[in-house]
Amino acid sequence: MSDVIVGSPPEALPSSGTTAVAPPGSSVLSAADDRILIERAQAGDRSAFELLVQRYDRQVLRLALNVLGSAEDARDVYQEAFLKIYRNLHRFRFECAFYTWIYRIVTNICLDHLRRRRSHPEEQPPLLRTVSSGERRDADFFDHQQETGMYSDPERQVLGHEIGRQVEAALQALSPRERMVFEMRHYQGMKLRAIGEALGTTEETVKNSLFRATHKLRTRLEGLR
Amino acid sequence: MVEELHCSNFEDRAILYAAGDLIEDERAAVEAHARRCATCAAVLSHEISLRRAIAARVQPADTLDRSELLLARCRSELFEALDYAAAQPKRTWRALVTPWRLVGAFRHTFVFHPGWSAAALLLVGALAGTAAREWYRQIALPVPGNPVITVLAPAPLTEQELETIDRDSIRLEPQSGSTNPKVELQVRSPRPRVLQGTPDDAEIRRVLTYVIGHGGQFDDGVRLDSIDALRPKADDPQVREAMSEALRHDPNPAVRLRAIEALRGAGSAPDVQSAILEALSDDDNSGVRIQALNALLERMRSHKFPSVSLDNRAVSILRDRMRNDSNRYIRSRSADALGQLASMDEDSVSGEGRHP
C-alpha cells in the first residue's frame, strides 16, 4: 500500500485553547519562505501550494470551528476557502501579507455562513455543549484524558465549563461582523490593524466593532462579575 | 500622542487595556486614572474579569477537532478536489462560444427588442427540433458495421467486457433529490453499447463493485465516486465484499478511508468486522488505522449491532495496537477500548447475577 496521503493526527495533542493563538506566519515561518512558495505555486507547482496549505490551514479550520461551532460548516468553509485561494493565487501581488489575503477570503466565507444562518435560524446547529463531569461516560475519548493547568482541578474545571457555556451563549448574540472581530482579536490573537486588513476596513471601524461586541458581552455576562 | 483620559472616555480605554491593545504610555495613563477614580477603577476591574472569563472559554475547535482528524480529512478532500480540477481539460476558445454564453451575450439585446426575441426563439426552436430529429434517427437506427444500442435495462456484461472499461467509459452524475447517482457506462468492444442506470440496478452495482476492486484499472476519483454511489447499498453482500476488498488492497489511503466509512452502514456481518480488524492491524497509514479503530468502537457501542462482540482475535489486536502502534492516539484509544470491554464484561456478569 502506498504511503501517507491522508495526514495523521500529531503525536502531541494540541493544548486546550485558553491561550490566544498568534496569527499564522508569526512563528517559525518567514515571509521570504512564503514568497518563494507562493511564486512556485503561482508557476503551477502543486507541491508548493500544498505546503502553503499546510502552513495556514490549521488556523483557518480553527477560526471556522470557533466561529461556526459546527464541524460540517467548518469543513465547507475550509474547502471553499482553499479552492478559492488556489483558483485566485495568480492574482496575489504581494501587496499585503499572505495570511492577511487568506484571512480576507476565509472571513468573507465565514461571514456569509453566519449571515445565512441568521436568516435561516432553523438551520442553526445546537449550541456547542461543553461536557460537565457528570456526563463524561458518553463523552469522546479525549474528554477522559487528564489535562494540565486549570483542567486538573475539578472545581476550576466545572467553573471553567460554566463560564465557557455562558460566554458561548453570549457570543451567539453578536452580529456576524462583531463575532468575527471578537474571534480574531481574542482567540486568534490578531492585531486590530491586521483584522481591519482582513475584513477590508479601517482599524477604527474594527475598534468600534470590538467595543460594541464587548458591551453586549458585558451585559449578557453580568452574572460573572 | 496619548489622548487625554476622562471618566467619559475611560470605558473604551479599559476595553483596549484589558485586550492588550494599548501602548505603554496609554496603559500607564489608564492605571494612573484608575488610581485616582474609584468608579473607573471598578470599570477597569470589571473589564479585566470579563477578559479572563473570555480567555477561560473552552474553544469549540478544541472540542470538535482536538485530535485533528477533521483537519486531516479536510486536507485529504482538498487535495482530491485539486487532483480532480487538474484532471479536467483546460478551457479553450471553444468554451467561449458555448450556447449558454451566446444566450447570455444576446440576452441584453433581446430585452430591448421583444420582436426580435420572439423570432429568434422560433428559429432556435426550429433548429433544435431539426437537430434533435436527426440525432434521434442516428441513435435509433443501427448503422451497418457499427451498431450502437442504448439499453435502459442493461444486459449482463461479460468478464471480457468489464476488462475493457476504463476511467473514460464511466460517468457518475448526482441526481437532484436522490442519493442514487445516475451511472452511464460505455462499453466499446466487442459490441459497442451504452448502459444507464442507478446503483439500484444489479448490473450497475456489479460494474461499480468491479471498479472498486480494480485499483490499477481506474483512477482514484472514479473509485471514490463508486464507493459513494454504493454506500446506501452497503448491506448488500456483493457490495460489502467489494468494500472490504478495497479496504484491504486499494493502493490509495483515501479510498481505503472512504471504504471504512461506507462499511459503517454495512450491518454486523463478520466479514466486515474482519476487514476492519485487518485494517487496524496491518494498514501502514495511521489515518486509516484510526478510522478502523473508530469504526470498531462504534460497532461495539452501537445499539444497532447488539450482536457485535469482540472475539479473542480482536482483543489481541487491540492489545497489540495499545502496546506497539507508532501513533499515540491509537495507543490511547485502544487502551480505552480494552477498558470499555472489561467494564462491559463486568456489567454482563453482574446483569446475569441479577437475572438468573
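Modeller: Before we look at helix packing in this predicted model, one definition: a helix axis is a line fitted to C-alpha atoms over the stretch in contact, and angles between N-to-C directions run from 0 to 180 degrees.

Colleague: Thanks! Why are H14(B) and H16(B) called roughly parallel?

Modeller: The axes of helix H14 (residues 270-282) of chain B and helix H16 (residues 312-324) of chain B are 10 Å apart, at an angle of about 20 degrees. Angles under 35 degrees count as roughly parallel, and H14(B) and H16(B) are therefore given that label.

Colleague: What makes the contact between H14(B) and H16(B)?

Modeller: H14(B) brings Leu277(B), Leu280(B) and Ser281(B), while H16(B) brings Arg313(B), Ala314(B), Ile317(B) and Arg321(B). Sorted by class, that gives four nonpolar, one polar and two charged residues.

Colleague: Now the other pair. Why are H1(B) and H2(B) called oblique?

Modeller: Helix H1 (residues 10-19) and helix H2 (residues 24-36) of chain B have axes that come within 10 Å and cross at roughly 125 degrees. Roughly perpendicular covers 65 to 115 degrees, and roughly antiparallel needs an angle over 145. The crossing falls between those two ranges, so H1(B) and H2(B) are oblique to each other.

Colleague: And which residues of H1(B) and H2(B) make the contact?

Modeller: On the H1(B) side they are Phe10(B), Arg13(B), Ala14(B) and Tyr17(B), and on the H2(B) side Arg27(B), Val30(B) and His33(B). Here the classes come to four nonpolar, one polar and two charged residues. H1(B) passes H2(B) in a left-handed crossing, and a left-handed crossing is also found where H14(B) passes H16(B).

Colleague: Let me pick a single residue. Is Ala292(B) buried or exposed, and how do you know?

Modeller: There are 27 other C-beta atoms within 10 Å of Ala292(B). The cut-off for buried is 20 or more, so Ala292(B) is buried. Ala292(B) sits in helix H15 (residues 286-301) of chain B.

Colleague: What surrounds Ala292(B), leaving aside its neighbours within four places in sequence?

Modeller: Ala292(B) is in contact with Ile260(B), Ile276(B), Ala279(B), Leu280(B) and Asp283(B). Take Ile276(B), one of these: its C-alpha is 5.4 Å from that of Ala292(B), though the two are 16 residues apart in sequence. Leu280(B), also on that list, belongs to the contact of H14(B) with H16(B) as well.

Colleague: Over to chain A. Why is Phe94(A) called exposed rather than buried?

Modeller: Phe94(A) has 12 other C-beta atoms within 10 Å. A residue is exposed at 12 or fewer, so Phe94(A) is exposed. Phe94(A) lies in the loop between H3 and helix H4 (98-119) of chain A.

Colleague: What makes the backbone of Phe94(A) worth a look?

Modeller: Most residues other than glycine have a negative phi. Phe94(A) has a positive one, near 60 degrees.

Colleague: What is the secondary structure of chain A, and how many residues are buried, as a share?

Modeller: Chain A has eight helices and zero strands, and buried residues make up 36% of its 225 residues. Chain B has 17 helices and four strands, with 31% of its 356 residues buried.

Colleague: Where in chain A does the pLDDT stay under 50?

Modeller: One such stretch is residues 1-28, and residues 127-152 are below 50 too. For chain A the mean pLDDT is 73, with 66% of residues at 70 or more.

Notes
Residues are numbered from 1 along each chain as its sequence is written. Chains are lettered from A and ligands numbered from 1 in the order in which they are written. This is a predicted model: local features need pLDDT of at least 70, side-chain atom pairs count only at pLDDT 80 or more; totals for chains, interfaces and linings use all residues. A crossing is left-handed if the near helix is turned anticlockwise from the far one by less than a right angle, and right-handed if clockwise. Two residues are in contact if their C-beta atoms, placed from the backbone, lie within 7 Å. Ala, Val, Leu, Ile, Met, Phe, Trp, Tyr, Cys and Pro count as nonpolar, Asp, Glu, Lys and Arg as charged, and the others, Gly among them, as polar. pLDDT is the predictor's confidence in each residue, from 0 to 100.
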